[in-house]
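This note sets out a few points to check while reading the model. Please keep the sequence and the structure in view throughout.

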Amino acid sequence: MKLFKKQEAQQFVAHGKALVCPHCGHDRFWTKKVLLNSSISTFFGFDWADRTANCFACEQCGRLEWFVGR
Ligand SMILES: [Zn+2]
């Protein structure tokens, strides 16, 4: 996946809970901070929020998890 540069997949904790892939159960992810454009923010009602999201990609199956506004 070109979006995520070569780096070690890591374990993460989000809101006090270990991040685990809901699809395959793997617990290591690549992460990237993504800037949301304003139309996406408006769609989700996040106009008030910091317009960045933390994106996590499961090392094993590639499923994406998004956390916005932190
Ligand atoms: Zn997975």
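1. Donors here are N, O and S atoms within 2.8 Å of the metal (3.2 Å for Na, K and Ca), and water is not among the atoms, so sites may look incomplete. Strands are DSSP runs (E, at least two residues), and helices are DSSP runs of H or I with at least four residues, both numbered from the N terminus.

2. Basis of the model. This is a predicted model, in which local features need pLDDT of at least 70 and side-chain atom pairs count only at pLDDT 80 or more, while totals for chains, interfaces and linings use all residues. Residues are numbered from 1 along each chain as its sequence is written, and side-chain values use heavy atoms, with hydrogens and water left out.

3. Geometry of the zinc site. Which atoms hold the zinc ion? The protein donors are the SG atoms of C21, C24, C58 and C61, which lie 2.3 Å from the ion. The angles among the four donor atoms run from 104 to 115 degrees, and the site is tetrahedral. For comparison, the ideal angle for four tetrahedral donors is 109.5 degrees.

4. Exposure of the cysteines. Is C58 buried or exposed? C58 is buried, with a relative accessible area of 0%. C24 is partly exposed at 31%, and C61 is partly exposed at 36%. Buried means under 20% relative accessible area, exposed over 50%, and partly exposed in between (1.4 Å probe, protein chains only). A search of the whole structure finds zero disulfides, a disulfide being a pair of cysteine sulfur atoms within 2.5 Å.

5. Aromatic residues. The whole structure holds two aromatic pairs. Rings of Phe, Tyr and Trp (its six-membered ring) pair if their centres lie within 6.5 Å; planes under 30 degrees apart count as stacked, over 60 as edge-to-face and the rest as tilted. F12, F56 and F67 form one aromatic cluster. F56 is buried at 8% relative accessibility, whereas F67 is partly exposed at 25%.

6. Salt bridge. The structure has one salt bridge, in which the side chains of R63 and E65 meet at 2.7 Å, N to O. The term denotes a side-chain nitrogen of Lys or Arg within 4 Å of a carboxyl oxygen of Asp or Glu. R63 is partly exposed at 38% relative accessibility, while E65 is buried at 16%.

7. A backbone detail. H15 has a positive phi of about 55 degrees although it is not a glycine. H15 is found in the loop between β1 (13-14) and β2, and H15 is exposed at 61% relative accessibility.

Definitions and conventions:
Four donors count as tetrahedral if all angles lie between 85 and 135 degrees; four count as square planar and six as octahedral if opposite donors are over 155 degrees apart and all others between 65 and 115; anything else is irregular.
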